[in-house]
Amino acid sequence: MSKTGFSRRGFLQRSAGVAGASLAAKYILLDPDPLTALPRVNAPSDKVRFGIVGVGMEGTGLLTTAIQLPGVECVAACDLYDGRHELAKEIAGKSIKTTRRYKELLDDKEIDAMIIAVPDHWHKQVFVDAVSAGKDVYCEKPMSHSPADGLAMVAATKKTDRITQIGAQRTSSVLCAKAKELYDSGAIGELSLVEGSLGRNDPTGAWEYPPPADLSPQNLDWDTWLGTAPKKPFDPYLFARWRCWKEYGTGLAGDLLVHLLSGMQFVLGINEAPKRASAFGGIYRWKDGRNTPDVHPVLFEYGEIPVYMRLTLATETAEVTRFMGSKGILELTEFGLSYTPQAGVDLAPSYYCYGLPSRLKNAYFKQWHDEHDPKPGHEPAPKTESYRGNDYDDLKPHLWNFFQAVRSRKPLVQDVVFGHNAALGCHMANESYYRKSPVYWDADSQTIKS
Ligand SMILES: NC(=O)c1ccc[n+]([C@@H]2O[C@H](COP(=O)([O-])OP(=O)(O)OC[C@H]3O[C@@H](n4cnc5c(N)ncnc54)[C@H](O)[C@@H]3O)[C@@H](O)[C@H]2O)c1
């Protein structure tokens with residue numbers, strides 16, 4: 001959820017802001033919200049009218065943020081839980097239409113675009129129906145719940161000229177843009193390894209959310225909520241904590257790894273599935289009946305590059321992605337970016353030569369110093385550049401880019417193909433975990449194989 005609500009990230013960012021205030025002078029502040037540079041008023045004809053499906057934790061942030069954008073208007077909201085009709089009207093005004101049936105929004109010719117923020121197991125159907133009905137679509141991440149779902153979403157979009165944007169919002173942040181600029185300029189030289197990690201250690205971080213107090217089969221269409229998943233009796237905990245089960249969610253991979261992979265794809269300009277993945281892990285901390293791992297380290301191969309991603313809900317660790325190359329490191333964190341150049345040459349005589357007799361050692365040291373020592377007063381002073389941006393998890397620019405593309409019809413970077421590839425990384429991480437075996441993406445059959 002975005003910082004417009006009481007989100008985890010918003011909370012972390014506020015705490016980091018307080019703790020980091022005294023260090024602020026050491027950072028290069030990147031341009032703030034690019035929206036401030038744009039005209040605030042749009043002609044009425046420019047107005048984009050959207051409908052939203054799913055006004056839960058994430059849908060709330062999306063709706064609240066989208067209606068703040070110039071020239072963007074919410075017309076209708078759909079949710080299977082009536083409490084969220086009440087919520088949608090609180091956010092977007094009493095005049096919006098609310099319904100349990102998303103197809104009513106698709107039939108509405110007033111609606112240009114749809115925001116889809118339902119649980120993962122419902123993404124494909126709503127997405128395919130929406131593009132097929134001629135709507136442009138912003139769909140939450142992970143785009144798909146399975147490789148087959150993703151293929152169907154790509155195929156449905158190809159039959160139309162619809163604009164699509166998948167919701168891994170950090171690819172629209174100034175921090176990701178700066179990381180990409182530095183990478184493209186050759187700042188870290190030859191890339192040889194990417195590593196990323198993210199850890200949480202609290203019930204909310206591990207998805208143990210409290211269900212709405214009034215939830216009942218009277219105010220929730222439970223059968224439709226289950227969708228194509230096996231039938232089960234009404235269960236408010238399942239409604240709130242669906243991420244814990246693979247029948248509805250896509251595990252740690254689909255919830256959190258997808259952000260790291262999407263950010264990496266964006267910075268490196270990758271738009272393909274990993275070639276191979278090997279995952280490990282298990283359920284170590286949250287033995288609450290879930291069937292998705294709470295510790296999930298994965299080693300991928302993207303092209304020729306090894307990518308190691310470590311996700312855990314059992315220990316809190318900072319979120320970071322490191323791009324490592326022959327000329328240094330780019331380190332992307334939640335609230336900042338740093339670039340540390342490396343010379344990649346010996347900065348002192350080789351310590352190997354301490355193991356030689358004096359006649360050889362002394363001659364080597366003398367020659368080394370003669371050839372390499374800088375003139376006094378000209379010693380190198382390598383520096384690290386640090387950047388701070390507005391927000392790494394930048395929902396507002398991501399939504400703005402979508403609505404601008406709806407107007408301009410120019411394709412977006414994180415479209416259905418990009419989202420499919422990022423989701424395939426997640427599915428491969430999950431398949432490898434469940435199969436207890438390395439997996440690869442078989443491009444011929446378009447399936448994951450062991
Ligand atoms: N981009 C991000 O940072 C981010 C953060 C959180 C969640 N998400 C994604 O957003 C999506 C929603 O997550 P959430 O935490 O908001 O879930 P949630 O359970 O809080 O909300 C989902 C809502 O969708 C409704 N719904 C389910 N099926 C529906 C259907 N067929 N028709 C209409 N309404 C339906 C439910 O009633 C519920 O109110 C997920 O895909 C999740 O991965 C993205």
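Asp346 sits in the loop that joins strand E14 (336–341) to helix H11 (358–372), where helices (H or I, at least four residues) and strands (E, at least two) are DSSP runs numbered from the N terminus. Asp346 counts as exposed because it has 10 C-beta neighbours inside 10 Å; a residue is exposed if 12 or fewer other C-beta atoms, placed from the backbone, lie within 10 Å of its own, buried if 20 or more do, and partly exposed in between. Although Asp346 and His372 are 26 residues apart along the chain, their C-alpha atoms are separated by 9.4 Å.

The model is predicted, so that local features need pLDDT of at least 70 and side-chain atom pairs count only at pLDDT 80 or more, whereas totals for chains, interfaces and linings use all residues. Residues are numbered from 1 along each chain as its sequence is written.

The protein has 13 helices and 17 strands, and buried residues make up 42% of its 450 residues. Of the contacts with a separation of 6 or more, 72% join residues 24 or more positions apart, a contact being two residues whose C-beta atoms, placed from the backbone, lie within 7 Å.

Six of the strands form an open sheet with parallel pairing, in the order E4-E3-E2-E5-E6-E7; two strands pair if DSSP finds at least two bridges between them. At the edges are strand E4 (97–99) and strand E7 (164–166), each of which pairs on one side only, and the twist averages 20 degrees from one strand to the next. Strand E3 (72–78) and E4 share 3 bridges in the parallel sense, and Ala77 has Thr98 in E4 as its bridge partner.

| H2 (57–66) | E2 (48–53), E3, E5 (113–116) | about 165 degrees with E2 |

The ligand is surrounded by 25 residues, the closest being Gly54, Gly56, Met57, Glu58 and Glu140; a residue belongs here if its C-beta atom, placed from the backbone, lies within 6 Å of the ligand. Helices H2 and H8 (222–226) are the elements that give two or more residues to this shell, and H2 supplies the largest share, 3 residues. Domain 1 (30–169 + 395–415) and domain 2 (172–343 + 383–390 + 422–449) each contribute at least three residues, the bounds coming from an automatic or database domain assignment.

Methods:
Axes are lines fitted to C-alpha atoms, for helices over the stretch in contact, and angles run from 0 to 180 degrees between N-to-C directions.
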